[in-house]
Each structure stands twice: as structure tokens, then as C-alpha cells.
Amino acid sequence: MSMEPEFRFCTSPDGTRIAYGIYGSGSPLLFAPILSWSMAQAFATDGLRPIFDVLARQVRLVTYDLRGAGASTRDPEDVSLEADARDLSAVADAAELPRFTLLAGRLSALRCAAYAAAHPERVERLVVWGPYTEGADLRRWARSFRGDWSHARGAWAWSASWPRAWERAMKEATSAETVARRLEVLAELDAATLLPRVSVPTLMVESEALPRGDAMRWASLVPNARVQFIATDDHVSYPLPFAQAVLAFTGLDEVAGAAAHSSAATAVILLTDIVDSTALTERLGDARFREASRALDAGLRAAIRDAGGAAIDGKLLGDGVLATFPSAAQAIDGARRCLALSAASELGLHIGLHAGDVIREENNVYGGAVNIASRICGLSAPGEILVSDVVRGMARSSASVTFEDRGEKEMKGVGEPVRVYGVRWRE
């Protein structure tokens, strides 16, 4: 399985270019686009990427950009339900999905229900999370977007799961007029008439970590439907049970059972990355750079073990090392040892630390906390250790260091700014 999605393009019957992506291999699953996102943004978001990562271990996950959003044709003339259905079929054809499970969320739910009702020969199962059907609200939102695009984006974002990520995604991925027109199309759909026509098995997933939807109303209207509630209210721990629910519903019970053996726990995460490895390769030459980086990698892993941490063998990070520690003091000690090894070599390091819940599976860890640690690592200057406010709070009384406040930082794919601190050793 490719570790990253492969992005492609196809053409809808009316000539509209649609960008789509394929991730993983196995049973076909098509993830319907969220109204205001591009798929590139979805793959970079800590609330969605962990779900994709778990699912792609066992399914061939296909997703795409709606017409008028992301890398697909912008500002199309036709954003009707029929045009969207033709786009979805075009993507499924291009990705060679004769039949598939259709996964939809929030505002894509009714649109996908309409597709499933019209194309039971293609949709094997329908999964929706947080379905939304309130037409009057959608019309009000459409007016708001046309009236004040900036203000409406912010207001809409605060009603979603990842406020800042939503606002940024809308600004970059689409336009006020496209969003308004799409909302007006959705507002005209009559759930009471549409949903009883859905004949395929349907699962509604609800969680406190997601915007509250109309799952119970759907369950009362869709003939072959059930609801599953995931008892979690944070975005770090819900991806695994959500993915398990989807896998179990698609018939991959053995996979879901195997996933259940993976463990979720809190850890302090350390990430290192060689400074400007491309320029170093050009300056030192391939052979010398690879020799130096392999030697440093071996030394870093030994230093991490000596400090009480565990380097992750299954995580491929280019020229970086990912490790977890049971305490912040041990992680900072491990970072200090890594920094000393770097100073003794010709390779500089970026080093970042964060703490949070991670999901462990085989020789790998993943989750939103890992993504944040990676962003902090990227922010650190060569030769310094940068930590999140969470790590600073954990280590304040147990590590012989002081912390220099560097302020709040916006991070790609992270909903809220993260306050970071430089580590300084006491004299």
C-alpha cells in the first residue's frame, strides 16, 4: 500500500474536470467530499487523516473534489444534484469501482443518499456520520455567504468540528457563490420523500466529537438502517472506533477485530528531522550524506533508548526519527541527547515534542498528536528543542530546564493555534 494518496483527474460527461485520489488497496470505499474542503486539505487534517490511514489498511479508499472546489474545475455553471451524481459516477468509473461502499458526512449525506437511492446497482452500502437535513438553516446560510463571505466562513467554521481548519479550508478551496448555490440545492431536497427510497444497508454514526446530526431521524426513514454511537468527545481517540465501525459494517469483521487489538494511550512524542537535507546532499554528495545520516540515525535511536524512549521502526519519515516516551522529563532528556549527537556530526536537527493520545498498531503510532509533533518539529530552528504547552506543563517540575515562550502558532491541518516553547537548560 502506498503511504500517501495518489491524485488523478477524470472528466465528467459535461466536460468538467474532477480531481480524485486513491489511497490503499482492498475492498472499494468511496469517501464523498465535504462541502467546503479539498481532498488535499482533508488528507492534511488531524481529524480526517487518521481515519483515512486506518481504513486504507484494508480498503481501496477513493475520494474527490466537488466541482467548484479544490483542484476540480472552479465556478462551474451546473452544481445540481444531477451534475454531482454524474461526477460521482465518473470518479467511480475512473477508479474502477463497479460497486462500492459510499461514506458520507454532514452536508454530503443527503446528496449521497439520493445517489444510493438512484443507483443501488453501484452502491453496496451507505455510511453517514452526523447527517444534516435542515433546509431552512441551509437557505439562511446561503444568504449569509453571499452577504459577507469572510464573516460567514468564520461563523460556519465555529459550528463545525475543526473551527480554524474549516474557515481556512473554505477560503482556499471554493468561493462564496459556489457554496451558496450548493446549499440552496441541498435545501430543496425533501428528506421525508428521499430517504425511504434508499434500499441499500445504511449505517449512521454519531459521536460527541462530530457535529450533532439527524441520525435518529434518518434511522426512522431509511428502511434498512441502524445507528451506532461512538462514546468519545475528542478528535484524537475517535478515528479508530469510527474506522472499526465502518470496517465491521462493510463485512470486514476480521479486520475490525484485528484493529481492536491496537492500543490507544497517552505518550510524549519526539520528532527529529535533518536540517535542509536536500542542500546537504548536494553539498556532501549522495554517498557521504547517506553514510552520515545512517550513522546519526543509529546514534539517535540508541540515545532515545538510553533516555527511556522507544523509536518507532514502522514510521517512515524521510530523514527523521519518531519516538515516544512515558514522561516529559525523559523525552526532554532524549531530545538533549539527540541534540548533542547532532552537534558532534555535520548534520543539524530540527527537534519537536508534543504529548497526547496516540494509537499504537504493530510497529507504528498515529493520531492527531503525532501530526502536531511533526508541525512543531518543522517550526524549530536548527539546534533547538521546541515543545508544546502540554509538554511544558508536564515537565515544569520534573526537568532541569526553563522554557522560553514563542507564542501561539498556526499549524497546517490543526484546528486551533498551538503555543510553543524553546527549551533552555538551567545554568
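Me: Are Tyr-23 and Phe-43 buried or exposed?

Reply: This is a predicted model, where local features need pLDDT of at least 70, side-chain atom pairs count only at pLDDT 80 or more, and totals for chains, interfaces and linings use all residues. Residues are numbered from 1 along each chain as its sequence is written, and side-chain values use heavy atoms, with hydrogens and water left out. Buried means under 20% relative accessible area, exposed over 50% and partly exposed in between (1.4 Å probe, protein chains only). For Phe-43 the relative accessible area is 6%, and both Tyr-23 and Phe-43 come out as buried.

Me: How are the planes of Tyr-23 and Phe-43 arranged, stacked or edge-to-face?

Reply: Rings of Phe, Tyr and Trp (its six-membered ring) pair if their centres lie within 6.5 Å; planes under 30 degrees apart are stacked, over 60 edge-to-face, and the rest tilted. The centres of Tyr-23 and Phe-43 are 5.5 Å apart with planes at 85 degrees, so the pair is edge-to-face.

Me: Which parts of the chain does that pair link?

Reply: Helices (H or I, at least four residues) and strands (E, at least two) are DSSP runs, numbered from the N terminus. The two residues are 20 apart, with Tyr-23 in strand S2 (residues 17–23) and Phe-43 in helix H1.

Me: Which residues do ring pairs link into a cluster?

Reply: The structure holds 6 aromatic pairs. One of them is Phe-7 with Phe-43, edge-to-face at 6.1 Å centre to centre and 75 degrees between the planes. The cluster is made of Phe-7, Tyr-23, Phe-31, Phe-43 and Phe-52.

Me: In S7, what is the bridge partner of Val-128?

Reply: Strands pair if DSSP finds at least two bridges between them. Strand S6 (residues 123–129) runs parallel to S7 over 4 bridges. Within S7, Val-128 is partnered by Met-204.

Me: Which residues point the other way from Thr-202, Met-204 and Glu-206 in S7?

Reply: In a regular strand the side chains alternate between the two faces of the sheet. In S7 (residues 202–207), 6 of 6 residues are buried. Opposite Thr-202, Met-204 and Glu-206 point Leu-203, Val-205 and Ser-207.

Me: How far apart are the end C-alpha atoms of helix H14?

Reply: The expected span is 1.5 Å times one less than the number of residues. With 21 residues (286–306), H14 should span 30 Å, and the end C-alpha atoms agree, at 30 Å.

Me: Which exposed residues sit on the face of H14 turned away from its buried side?

Reply: Buried residues of H14 include Phe-289, Leu-296 and Ile-304. The face turned away carries Ala-287, Glu-291, Arg-294, Ala-295, Arg-305 and Asp-306.
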